[in-house]
Amino acid sequence: MEKISAALLLAFTFIALLWANLPFGATYAQFWGTAVDLRIGGTAVEMTFHDLVNDGLMALFFFTVGLEVKREFTIGELTEPGRAVVPVAGALAGLVVPAGIFLLLNPTGENAAVWGAVISTDTAFLVGALAVAGPKSSGRLRVFLLTLAVVDDIGALAAIAVFYTTDLDPVPLLVSVALLALVGLVRFLPAGRGPAYAVLSLATWAALYASGVHPTLAGVAIALLIPVFPPRRGQVERTAELARAFRQSPSPEYAAATARSLKESISINERLQRSYGPYVSFLILPLFALANAGVRLDGETLASAATSRLTWGIIAALVVGKIVGITGAAAMMRALGLGRLAPGLTLARVGGGAALCGIGFTISLFIVELAVEDPALQAQARVGILAASGTAFVLGWAWFRILDRVQPPSSTGRILARPFDPERDHFRGDPAAPLQLIEYGDFECPFCSRATGSIDEVREHFGPRLVYVWRHLPLSRVHPHAEEAARASEAADRQGAFREYAQLLFRRQDHLDSADLIGYAGDLGLDMEQFRDDLQSAPVANRVRDDALDAEFMDLSSTPTFFIGMVRHAGHIDASTLIRELNASSERQQ
């Protein structure tokens with residue numbers, strides 16, 4: 001999906017450029033300048049096709065951005081400050097440094113107003129470019145860049161609201177504030193929340209449009225007021241009961257009740273992201289590219305751009321500023337001990353990702369429209385954005401190709417990415433023991449279940465000389481219950497029952513659906529309310545994902561996979577083989 005979305009953006013950009021530069025290229029400006037009157041009673045709004053895309057449809061784009069921001073700060077990556085500190089610092093530097101470089105080259109005049117166009121990274125293009133040009137096993141880098149992109153989006157939206165809003169009319173602005181307050185109260189309606197959100201959203205957009213504030217910001221404001229929460233366990237269980245009733249007595253009433261209960265177990269934030277996301281990716285953003293990327297690249301425009309401080313300021317800010325700002329901030333945070341990169345995520349990889357962050361397209365073109373009215377300056381700015389985005393992609397691609405040659409990812413899989421950490425890892429034995437046996441496993445994998453007997457024999461053989469460590473590698477493609485089982489074990493760990501719960505999971509591998517996992521917690525006498533809450537919490541989900549991303553970086557694709565000390569074990573996993581390899585490891589240490 002990400003590659004397709006990026007490909008569509010690229011295709012419609014080329015179509016816009018082609019359209020604007022063909023012999024009938026004048027029709028490009030004529031078409032998008034076609035007037036459209038929206039009239040309700042005696043009230044009329046005069047817009048063009050271009051305005052409909054930039055002021056109307058793009059409100060949905062900013063709405064989905066706002067939904068993502070709200071989710072990340074509520075139940076996602078940004079719920080734990082320690083996990084986000086480095087990418088957040090990188091994002092802030094990636095806003096400030098490019099703006100500073102641009103203003104050094106364009107300190108005064110109308111050009112200076114375009115500084116906001118160089119602070120934003122196009123998230124859709126970034127993710128697609130990473131999928132195409134990025135390194136092998138890029139999971140850690142992708143999480144880092146997505147976290148960075150969320151903060152980047154917040155900064156860009158704040159810049160639009162504060163610096164690119166003029167001619168405020170206070171009455172419609174107050175009306176929009178009152179409407180937003182009503183949007184915040186919709187969650188308490190017993191029914192009809194969907195129509196209420198729709199009507200109030202349209203009214204808020206219209207009020208902001210009338211106030212002089214760019215109406216697309218209505219999308220962000222409304223999104224931040226829409227609730228987000230983990231799936232509600234009680235609602236899920238209620239849905240299961242209704243589904244059983246429907247199976248026993250099929251009827252329209254049971255079918256409707258089951259569908260309604262299932263829908264309400266997922267927050268409206270996530271439902272709206274899933275509903276609107278494809279339309280934004282496959283329709284609205286390509287239309288935006290078609291409406292805004294049509295720069296006439298005739299000799300006069302290119303000659304003007306080639307000598308324009310505006311054009312070169314944008315190129316330098318996006319290409320150089322993003323790399324220096326993001327990579328420099330990450331290095332500084334690590335050097336000062338204020339944050340650390342995830343295992344396997346090196347500064348070299350961050351640098352490649354920072355190069356791709358120079359792809360500033362959607363919001364950059366959007367801000368150009370707001371910043372300057374002179375068509376010649378707009379053309380120079382657009383040429384700079386297109387040139388910078390193309391250069392950033394090529395630079396990022398070359399960066400990762402060279403990096404993969406210098407640091408082949410395949411060699412990483414032979415060495416443990418993250419050393420044993422007794423403060424974090426699940427282990428049995430003395431954490432100071434000279435021998436370490438680390439297993440990446442899956443609670444639904446029958447081979448992991450059988451390996452537990454081998455592990456017991458190995459532990460008995462070495463006694464206090466060995467520490468055994470368990471890490472999660474849920475193979476969800478072949479074991480559909482593995483990830484939820486891993487999260488359940490972590491929820492049990494919150495109550496000090498990881499080992500007992502894990503043993504239950506291995507003994508009952510054929511019964512790992514949601515109801516079973518809840519039941520096992522009851523069998524162990526755990527606090528059920530706390531267990532249900534923890535099962536759906538972001539820290540528990542992130543804990544499992546950390547181990548899985550370690551495994552992805554090391555290219556682990558099967559379970560169980562063992563590491564003896566820091567070295568990956570290859571071969572049989574019976575007790576005698578593991579004992580022989582551990583003895584060999586002990587001899588090498590002496």
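**A close look at helix packing**

Modeller: Happy to! Let's start with helix α22 (residues 514-523) and helix α23 (residues 528-535), whose axes come within 10 Å and cross at roughly 140°. Please keep in mind that this is a predicted model. The angle makes α22 oblique to α23, because an angle has to be over 145 degrees to count as roughly antiparallel. As for handedness, α22 passes α23 in a right-handed crossing. On the α22 side, the contact is made by Leu-517, Ile-518, Ala-521 and Gly-522, while α23 brings Met-528, Phe-531, Arg-532 and Leu-535. Sorted by class, the residues where α22 meets α23 are 6 nonpolar, 1 polar and 1 charged.

With that picture in mind, have a look at helix α14 (residues 309-335) and helix α15 (residues 347-356), which pack at an angle of about 150° with their axes 8 Å apart. Here the angle makes α14 roughly antiparallel to α15. The crossing of α14 past α15 is right-handed. From α14, the residues in contact are Lys-322, Ile-323, Ile-326, Thr-327, Ala-330, Ala-331 and Arg-334, and from α15 they are Leu-347, Val-350, Gly-351, Ala-354 and Ala-355. That contact of α14 with α15 divides into 8 nonpolar, 2 polar and 2 charged residues.

Another pair to find is helix α3 (residues 49-74) with helix α12 (residues 268-292): their axes come within 9 Å and cross at roughly 145°. The crossing of α3 and α12 is left-handed. Their contact holds 15 nonpolar, 6 polar and 4 charged residues.

Now for a few single residues. Leu-403 sits in helix α17 (residues 375-406), and with a relative accessible area of 10% Leu-403 is buried. Between Leu-403 and Cys-357 there are 46 residues in sequence and 17 Å in space, C-alpha to C-alpha. Cys-357 is buried as well, at 0% relative accessibility.

That cysteine leads us to the question of disulfides. A disulfide is a covalent bond between the sulfur atoms of two cysteines. For Cys-448, the closest cysteine sulfur belongs to Cys-445 and lies 3.6 Å away, too far for a bond, because the two sulfur atoms would have to be within 2.5 Å. Cys-448 counts as buried too, at 1% relative accessibility. By this rule, the count of disulfides comes to 0.

Definitions and conventions
Residues are numbered from 1 along each chain as its sequence is written. This is a predicted model: local features need pLDDT of at least 70, side-chain atom pairs count only at pLDDT 80 or more; totals for chains, interfaces and linings use all residues. Side-chain values use heavy atoms; hydrogens and water are left out. Axes are lines fitted to C-alpha atoms, for helices over the stretch in contact, and angles run from 0 to 180 degrees between N-to-C directions. Helices (H or I, at least four residues) and strands (E, at least two) are DSSP runs, numbered from the N terminus. Angles under 35 degrees count as roughly parallel, over 145 as roughly antiparallel, 65 to 115 as roughly perpendicular and the rest as oblique. A crossing is left-handed if the near helix is turned anticlockwise from the far one by less than a right angle, and right-handed if clockwise. Contact means heavy atoms within 4.5 Å. Ala, Val, Leu, Ile, Met, Phe, Trp, Tyr, Cys and Pro count as nonpolar, Asp, Glu, Lys and Arg as charged, and the others, Gly among them, as polar. Buried means under 20% relative accessible area, exposed over 50%, partly exposed in between (1.4 Å probe, protein chains only).
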